[in-house]
Every structure is written in C-alpha cells, then in structure tokens.
Amino acid sequence: QQQQQQQQNQQQQQGEQQQKTTKGAIMWSIERGERITALPDPTSARFNCKGFPSSSRKPNCLKVFRGASFSNTGEFFFCGINVDGVGYLVKFETTNWTPMAAICAFRDAPISAYAANKNGSRHACGSAEGDVVAFDGGGLRKQSSNSRKRSLKRIAAARNAHMIFVTTISWNARGDVVLSGSADASVYCLHVKNKFKSGLYGSLMKLFLWMTVLIACLLGWVFLLMKVFDESTVPLLNNNNNNNNNNNAERGLSSLDERQRVISKRSAGIPLDDREREVFEEMESENAASEEEQRAAEGDYYGGNDDPHASASRAYHDSVEYEKQKELEYAEARAMEEKQKREWELQNEANLRKMQFAEEEKKRQKEAAERETVADDKQEKEEKGEEEEDE
C-alpha cells in the first residue's frame, strides 16, 4: 500500500510538472505576475470528459483555445476550444482544473469569438461561418447538487447571422441579448428568453405562479356557476321566444307563398283546390275588411256619409282602384308565366342542341372508326399482296 501511495504521489507530481511545462493555454496571476498552471487538455483520456469525438485523442489532432471566462464565484472556468476546426465549449473546476462538461458549439466551423455575461451563467460563441449560438452554463456552485446535474445547454442560435466570420460578440447587462459583429460590417442582435433562476428562488417563484393560476381557475369556476344558477331561467325564456319567432316567421313565409300561388292560378284561370279556396276566401275577407275600414276612415275624414254624391264618388274611385289592382296582379302573373315559358323553351332548345351535338359526335366517331377499319383492311390486303409477290 505504501508503494502504491508513493507511485500515485509521483504520478501527481509528474502531472503537475507537465502542466507547468506544457505549451498551450496557461493561467496567469495578475497580482503575482507569474504563471500559475497550464490548462490541461480536456480531450485527454484521463479526464473522460464527454462531448469530444474519439479522433480528438490522436497525437496529430490540432487544438486551439479561443476565449475564457470565470463564474461570479470563481469556482468554475469556461473556455472555447477548436478541435480540428470544430468549436467546443468546455467547463472546468478551478480547484484541480479538471474539465466537467463539454458541448459542440458548431458542427462544421471553429469558434472565432467568445463572450460571457456578467455572472458567467450564459455564454455566447460566434463561428467562422457567421453563426451565433448562446449556451446556459449550468449550476455555478459546488455546494449544490444541481451543479453536477446541470450541464451545458444550448438556449438560442442564429444560423447565417453574418456573411463571414464573427469578429466580436458581447452580452447586455440583463443577460438576455447577444450583440455580434462581423468583418462584413454587419451587426446582429440575438434575443435569448429569460428563465427562472435555479435554487430556492426559482422553486418559490414556480410555486407562487402555480398557486396564482390555481386560485384564478377556482375563482373563474365559482363565478361561472353563480352566473349559470342566477340566470338559469332567462335562457329558457329567450329560447322559447326565439322558437316562437322562428315559427311565426316560417308560417308567414308559407302563407305568403300560398297567397302568391293562389293569385297566379286565379289570374291564369287554373282551378283551385280546397286549401287554395280557403286561402282565397281569407284574402277576400281581409280585402273587404280593409275596404270597410278605409271607407269608414274616409267617411270620418269627410264628415260622415251625409253627402250621397261624395259617397258615390268614393265608391266609384274605390272600384276603379280595385280594378287597376286586379289588372296589375293579372299582368304580373302573365309576365311570370311568360318568363317561365321562355325559360322552359330555352332549356328545351339547349337540351335539343346537346342531344343533336351528341348524335353528330357519335356519327363522326362511327364514320372515323369505319374509315380506320377500311384503311386497315386495305393495308392488310396490300401487305398480303406484297408478301405473295415476294414469294
């Protein structure tokens, strides 16, 4: 056991020496003005960091670091790395500088610009093809179990935001907008939706939101039930009134159609059936009642029926108007009949033309078929004659 511990200590010392002497990305202390350590290769097999392809462990694989940032607590470190021309975002722990998680930023392009928001929870990358992507850094505290579970996650992306490579990228103060610039003199603004913060604050906010929705639904159901029970009789009355109105309207339309049919038959001299006679008698009684009312009104207007000459003139005037009305109704009925006759004649003519055209078309097809048969017979005879001559 002592030998194993000594071997492990020697391996750790060798690893630390290799990190200090390895070329590549390094951590520098501004206060002391010296190099602290060399950033380890996250694609190495000893870290077993998921997210990198198997080809990244080859010795001839080209790796280039691009951009770096810390979380607000300083417990996590983020950086971009291009592995054989493909960009990846990597998350490290700052205690032993071991990579925790990695995610592919672009499938077929390297990272050309990188930036993090104010607290280091969100990260944005720009590619050499003009794409812009935003990521969530996951948990930022070692004490919380959620920090290990939450890995890097893509939250927004803009394909072909620029025509060529992105040269600069930055976040706004709220951390919900990414502003990128390119060498093609264009600027792109990518909006990222804000989500609830992790931890106790986020759970409390979600609980409060669900309670508010539940209370609103209960109040809505109570108000709806009160409305239904308070006004349960009003819809029934309204429905009855609507049904009565609809029935009356239908009856009015049917009686009007019957009267028009009776007038047209009467004017044309067509005999009426029993129902139509009843309708005609009702119409006559209504006309008589209206005439009596009109005469009574005219008598009251002219001071009664004291003057016999006035009553005779009114009667003559009424009879003339009645005759005119009858003549108009008769003329309208005749006009309707003539119109219907014309329509029927036109329809019959159209049908006859269609039938004639169809018969002519059949004759043409028959003649064409006969011609084809004759031509085929003739051609066969000619072919047989040629064959006989050849023989």
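Reader: Which residues lie nearest the centre of the second largest pocket?
Author: This is a predicted model, in which local features need pLDDT of at least 70 and side-chain atom pairs count only at pLDDT 80 or more, whereas totals for chains, interfaces and linings use all residues. Residues are numbered from 1 along each chain as its sequence is written, and side-chain values use heavy atoms, without hydrogens and water. A pocket is an open set of points on a 1 Å grid where a 1.4 Å probe fits, with protein on both sides within 12 Å along at least five of seven lines, and lining residues have an atom within 4 Å of a point. The lining of the second largest pocket holds 21 residues, and those nearest its centre are Asn287, Tyr322, Gln325, Lys326 and Glu329.

Reader: From which helix does the largest share of the lining of the second largest pocket come?
Author: The chain has 6 helices and 13 strands, taken as DSSP runs of at least four residues (H or I) and at least two (E). At least two residues of this pocket's lining are supplied by each of helix 4 (233–268), helix 5 (274–301) and helix 6 (308–390). The largest share, 9 residues, comes from helix 5.

Reader: Is Ser56 buried or exposed, and what is its relative accessible area?
Author: Ser56 sits in the loop that links strand 2 (34–38) to strand 3 (63–70). Setting aside neighbours within four places in sequence, Ser56 makes contact (heavy atoms within 4.5 Å) with Thr43, Cys61, Lys63 and Val83. Ser56 counts as buried (under 20% relative accessible area, with exposed over 50% and partly exposed in between, 1.4 Å probe), because its relative accessible area is 1%.

Reader: What is the relative accessible area of Thr167?
Author: Thr167 belongs to strand 11, which covers residues 166–171. Apart from neighbours within four places in sequence, Thr167 is in contact with Ala113, Gly181, Ser182 and Ala183. Thr167 is described as partly exposed, because its relative accessible area is 43%.

Reader: How many Å apart in space are Thr167 and Ala128?
Author: Along the sequence, Thr167 and Ala128 are separated by 39 residues. In space, counted from C-alpha to C-alpha, the two residues are apart by 8.6 Å.

Reader: What percentage of the residues in the chain is buried?
Author: Ser56, with its 1% relative accessible area, is one of the buried residues, whereas Thr167, at 43%, is partly exposed. Of contacts in the chain between residues at least 6 apart in sequence, 43% join residues at least 24 apart. Among the 391 residues in the chain, the buried ones make up 25%.
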